[in-house]
Amino acid sequence: MAGDGLTISREEEEEEEERSLAPLPSSGRHHRRKSSASAASRDGFPNPAHVRHLSRTETERLASSQRELADSNSRIVFIGDPGGSDPRFETPRNSIRTAKYSPITFLPRNLFEQFRRLSYIYFLAIVILNQLPQLAVFGRGASALPLAFVLLVTAVKDAYEDWRRHRSDRIENNRAASVLDPQSGRFLSKRWKEVRVGEVLKVLANESIPCDMVLLATSDPTGVAYIQTINLDGESNLKTRYAKQETMSRPPGEDHPVDSAGVIRCEQPNRNIYGFLGNMEVDGKRVSLGPANIILRGCELKNTAWVIGVAVYTGSETKVMLNSSGAPSKRSRLETRMNRETLLLSAILIALCSVVAICNGIWLGNHSDDLELAQFFRKRDYSDGDDKKYNYSGIGTQVFFAFLMSVIVFQIMIPISLYISMELVRLGQAYFMVRDANLYDESSNSRFQCRALNINEDLGQIKYVFSDKTGTLTENKMEFQCASIRGVDYSGGRVSSRDNGEAHYILAAGKQILKPKMSVKTDPELVRLLKNKGDTEQGKRAREFFLALACCNTIVPLVVDTSDPKQKLIDYQGESPDEQALAYAAASYGFVLIERTSGHIIIDVLGNRQRYDVLGLHEFDSDRKRMSVIVCGPDKTINLFVKGADNSMFGIIQNKVDLSMIDATKANLHAYSSLGLRTLVVGMRELSRKEFEEWQSAYENANTSLMGRGKLLRAVASNVERELHILGASGIEDKLQEGVPEAIESMRQAGIKVWVLTGDKQETAISIGFSCKLLTEAMTQIVINCNSEESCRNKLQDAVAMYRKFAVISPDPFENALTGTGSTKVSMALIIDGISLVYILKTKLEEELFKVATACDVVLCCRVAPLQKAGIVSLIKSRTDDMTLAIGDGANDVSMIQTADVGIGISGQEGRQAVMASDFAMGQFRFLVPLLLVHGHWNYQRMAYMILYNFYRNAVFVFILFWYVLYTAYTLTTAITEWSTVLYSIVYTALPTIVVGVLDKDLSRKTLMKYPQLYRSGQRDERYNLKLFTLTMMDAVWQSVATFYIPYLAYRQSTVDVSSLGDLWILAVVILVNIHLATDVFRWYWITHVAVWGCIGATLICVIIIDCIWTLPGYWAIFKIMGTGLFWLCLLGVIVAGMLPHFSVKALKEYLMPSDIQIAREMDKFRRINAATMEIQMNRFSMLQL
Amino acid sequence: MNNSAASTSSGSGDVPAPRRNSNRPKYSRFTQQELPACKPILTPRWVITVFTLIGVIFVPIGVAALMASNKVVEIVYRYDAVCIHGNTKDEKVAYIQNANTSKTCIITLTVPKDMDQPIYVYYQLDNFYQNHRRYVKSRNDAQLKDSDKANDTSGCDPEKTTPDGSPILPCGLIAWSLFNDTYSFSIGNQNLTVNKVGISWKSDRDHKFGDNVFPRNFQNGTMKGGASLNESIPLSQQEDLIVWMRTAALPTFRKPYGKIEQNLRVNETITVIIQNYYNTYSFSGKKKLVLSTSSWLGGKNDFTGIAYLTIGGLCFFLATAFTVVYLVKPRKLGDPSYLSWNRNPSGH
């Protein structure tokens, strides 16, 4: 996964840079999408059908100008001739296989995958050791049981998942496609899996596309087809695809047999869903193919009756299949920390084994003379008549064997069951996270998604949140707010709350009523100005302004039926939300774009339908940062409309215009961007016939040239886009998502630093920062935007000096109590831009930046490229232990999401790239608060406790075994039966810890949300650290001592047999560790009761069953010993004595040194939440007065 | 104008048709993790109650256990040193291994207190590792139970077969090392009968040792480990063997020898004739003869009582200590002013 996400992000990178450098939102957005769909160039020419295709391929973003298709490396497809297709390469059939295993390969492959875990190798080694007759401590079956159990559980899980994949594969493969039969020339039905490369297929409306195909013909005479790519990249907008004119005229089929059909040369299969490179030879002509000519598997055909295409990539080679892979694998911090403790436990294990081995050697040495005759040892075997040593080969070997045997006996010191418990617990936690109604997003109808199943607990320890802005903090739903025309600001619509009825233009076409789907609040004065046909200069400019908005775009108006048959809605389908917003705004002011065909558009201008021929369209590009159209209006004037970023537009204006108007516009622009609006400037120029002809020939030349078309076209565009009249500027609001300021405030209180990384320009970023309460007026802003390394260094040094200065100023406790930052300095905000970062990241200045940035409460990075985002994340990640979380929604966030410890994708407006690369996906930014504060806290708390508890409970058991070994002449006898030893960690004590790990809650959701500060306990590693581990281990040693020595002393010099005492020990230890767990459980559900007490009951039943097997030496022992009073006294004594230290320390600590969590628990319990808030406010109030 | 029409139509346009397949998670208390729960907190009252309660339960039990233990009368006599000739270990071993020397040894025991019947007779071995790894494994339970499996001697190394290859029954080190000292008791001239029936577990006699399995080739080897068995008595009735085969948990252990079903009076002198056959001299093991009455708690052992009294006392102490703590440092539970960010606003 990591691989392919990156591939795509790399490709996007270049464009992202453009977007981030270009504050022109419309084109930027458009541009970003361009690569995906490249559908937008709906340029028109007097002879549209002819020129269009040439120009279209040329304007492809990933145009092949740089990359030439090498013949040796291309795939050759003979249209309609599957057999002849490219003999050099075997092409697969169209069947897909997402399942990993087949019934035959399941066992070896699954085992191989499972044994890639190091811990399993350890357990396997122990099982193998135990098979050696010299070392056989346990019976063969018993020793292999735990590992077999763990392997089996995982295998069953994998098998079930794989079976589901098999089933869906089968359904998918058996769907019907209609394929052209070359003999009959008719389309016959065939199953998807039988489709081969080179075959010609027909797809009807609303059908899914079976494989990646090059379009040959469509039902639309101009060769347009609309597809929906929601399954591929999540975008719900319709994309346009084109069939080449050369094949359009004679589609293969009944009328046109395919014998003389062409040849396609294209790239080898790759996973780039936004790129395609190829050419087609038809009738000796070579035409080039781009991403706009291919439709991909996984898409659906919409609004088009049929298309005919030729399969070029099938089955596993389709782009959607190449892009599908599992969730990224990361490792949680707790697990990494756990490995440290596992090493410690290994050291303890080795120490125990060494003690046993050495003592064994000493004992043998001391008794070497005695052992010939000692009845319990009998060094010699006389049974064969000759005198030989029985099972004894010198002290050295015996010591070695003793060591290995003790490793086998004490193996569960490293808890095997912990690994499987952790997986199950994470599964359970994921279940609850996915099903949490608070994480369900109504607007996108999406639940929370857990894509990575192994870092749930990391959510409870986040210290840094890196957030994208557009689509993450903001909704990416643009709303037109203000217009500035000739320097006059019309912001009435923004302030007027009254829905202005006049603004809704209702177009009556016969009996039909047409209405734009969305309306914009309009400025009454501007409406009046437009209505007023008086030919004031201002009115004229206003009309031209809206005309420009209506035609200078790539929007496709779609007429949608409503429930009311008389009424139809116009839905503006476009790839850029900004353009949609502008088009809806124009419509609200009476300039309704009604129809777009290949060569012209129809605009309803204040009630009159007018046709504009689109003569040319210059796409957005990163150098120009603007787009333009050339249209011929009804009055036969030829106009150039341009819209673009302010800095790019003001460079090409007419020199003679009055400067006051320009200054006023600039002032308005500044005001808009201070409000957080995305701005853009609109200009126009009337072209003379001569100019037009010059342009046209240059344009044609550029289009037909074979090399460097893109560059030539850019030059043509730059040439014509000059001496513009500035019509005005628009301000579009990028609406904040719901609850963002509150979420940021909560996170700030929780001690999480929120950094915003955006491609927007500085002013916009700062204003969004203010509007989402990230920045406050009280903050000191440190702005770094420099153009050289030298100036960056100076700025950073100044910043360091500044925060040092602030740090010595005495803290203001009141301020900190309010913000909850708990820091001792004046809060500062660092604002830095991408250009400065170029000079800082990966240089010596990085260290300085780190110092400044971590000293600041808020960091805003503007105009950053995707890789820079990742660079900033690793700036923190590599220098601190703090956990980082990255959240974003676009392909440009992929690298950041993958770099951070936890990556979260917003499943929103932009594609699914971010979600595909993420560990978790959700619908809204504000869900971060319940996710981190509630689920993260719970998960961390549960997992941390579970790990400690598992270590503890296995250690208690191992120590009990160890103490006993000291009384068996160090010979690794276990009083507890081998079956109980084996079942101890997988049956006797496993279930309660899993149930508690899934269900226990230290605090209620309400409390956690109310006091975000409680989150800091996770950041401080309060629930899992070396100190806690040490304490737990000491407790384990004490409990093992109590469990072992109370029965030992009570039964000293008695007739007790080994099995009875073993039964007492196993029951005592199981009850003890379960009671230990019970004292630590925060919330007792009925399920918890069942698990804890049920487990003790199950243990008793197991022990009884084992003691009912007459072949075992312990037959009937449990009944015998349970019949004596001493047994029950021992049991009770063990439990009380074992629990005393734990209980006392716990009670004392909770009372004298209560953690925040403890106090919150008490508040939770005694329902003082409301009273508590009052008190805090009172406290603050009294502090104020002080 | 079309005001109303416009607004209604815009309304209908904005409201999306109700989704048929909503992904909204179904609400249940379980999935929202809102199941009713008990939230125990260690309040001072609870802590003091728990400690006091444990104290109240444990101290009486401790007293009762001590009393029971004190009521038990126990006579322990170590005879392995007295009943041997020779000073060095080698001499002792040579003496005990010599089949021709007399192993009879007469000792006298004085009854310290009245002993009511039944009086249990035990032998106690010290330093004998019946739990030694190579020892505990050396047996075959199938062979003991089933007459058809007499030849099944797997796991019995190194006492599987006689040198000529015939299987030993019961095989294995445990059976081979069967204890063979015998005791006979008398007071004055009157013999004290020792009842040796019923010293083993009934479950063992009924299910572990077959009543149609007879000893074969037992103790015929080069080296005798201990007692021989009467080949005409089935294993289920060889109670000494059954008792011995229940291997002891610890290296110092007692095994029941029999019962004296007769009351003994204080200061009575018991004469014991010991046949001192069993070789513990090779590994410096001790042998003791034990006569003991019993109580509801078993034999004489003060540990349980002392342990219970200690724990109970400790709990009373803790209850007091916690009361003091709660009184000296009172803290209102759930008082938000103790929260770290309220308590110490300048940082942590």
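**Exercise 1. Find what Glu738(A) pairs with, and say where the two partners sit.**

Step 1. Glu738(A) makes a salt bridge with Arg926(A), and their closest N and O atoms are 3.7 Å apart. The rule asks for a side-chain nitrogen of Lys or Arg within 4 Å of a carboxyl oxygen of Asp or Glu.

Step 2. Now place the partners. Glu738(A) is in the loop between β30 (725–736) and α21 (740–749) of chain A, while Arg926(A) is in the loop between β37 (920–922) and α30 (928–965) of chain A. The pair links distant parts of the chain, 188 residues apart. Helices (H or I, at least four residues) and strands (E, at least two) are DSSP runs, numbered from the N terminus.

Step 3. Over all chains, the count by this rule is 56 salt bridges.

A quick note before going on: this is a predicted model, where local features need pLDDT of at least 70 and side-chain atom pairs count only at pLDDT 80 or more, but totals for chains, interfaces and linings use all residues. Residues are numbered from 1 along each chain as its sequence is written, chains are lettered from A and ligands numbered from 1 in the order in which they are written, and side-chain values use heavy atoms, with hydrogens and water left out.

**Exercise 2. Describe the interface of chain A and chain B.**

Step 1. Start with contacts, meaning heavy atoms within 4.5 Å. Here 129 residues of chain A touch 115 residues of chain B.

Step 2. Next comes buried area, the accessible area (1.4 Å probe) that two parts lose on being put together, summed over both. For chain A and chain B that is about 10700 Å², with 61% from carbon and sulfur atoms. On the chain A side, Gln375(A), Phe376(A) and Tyr1151(A) lose the most area to chain B, together 9% of what that side buries.

Step 3. Look at the charged pairs. The rule finds five salt bridges across this interface. Lys89(B) forms a salt bridge with Asp370(A), with the closest N and O atoms 2.3 Å apart.

Step 4. Which helix gives the largest share of the chain A side? Helix α39 (residues 1125–1152) of chain A does, with 18 residues.

**Exercise 3. Work out how α14(A) and α15(A) are arranged.**

Step 1. The axes of α14 (residues 524–531) and α15 (residues 537–551) of chain A come within 9 Å and cross at roughly 100 degrees. Axes are lines fitted to C-alpha atoms, for helices over the stretch in contact, and angles run from 0 to 180 degrees between N-to-C directions.

Step 2. So α14(A) and α15(A) are roughly perpendicular to each other; the label covers 65 to 115 degrees, with under 35 roughly parallel, over 145 roughly antiparallel and the rest oblique.

Step 3. Leu526(A), Leu529(A) and Leu530(A) in α14(A) meet residues of α15(A) including Ala542(A) and Phe546(A).
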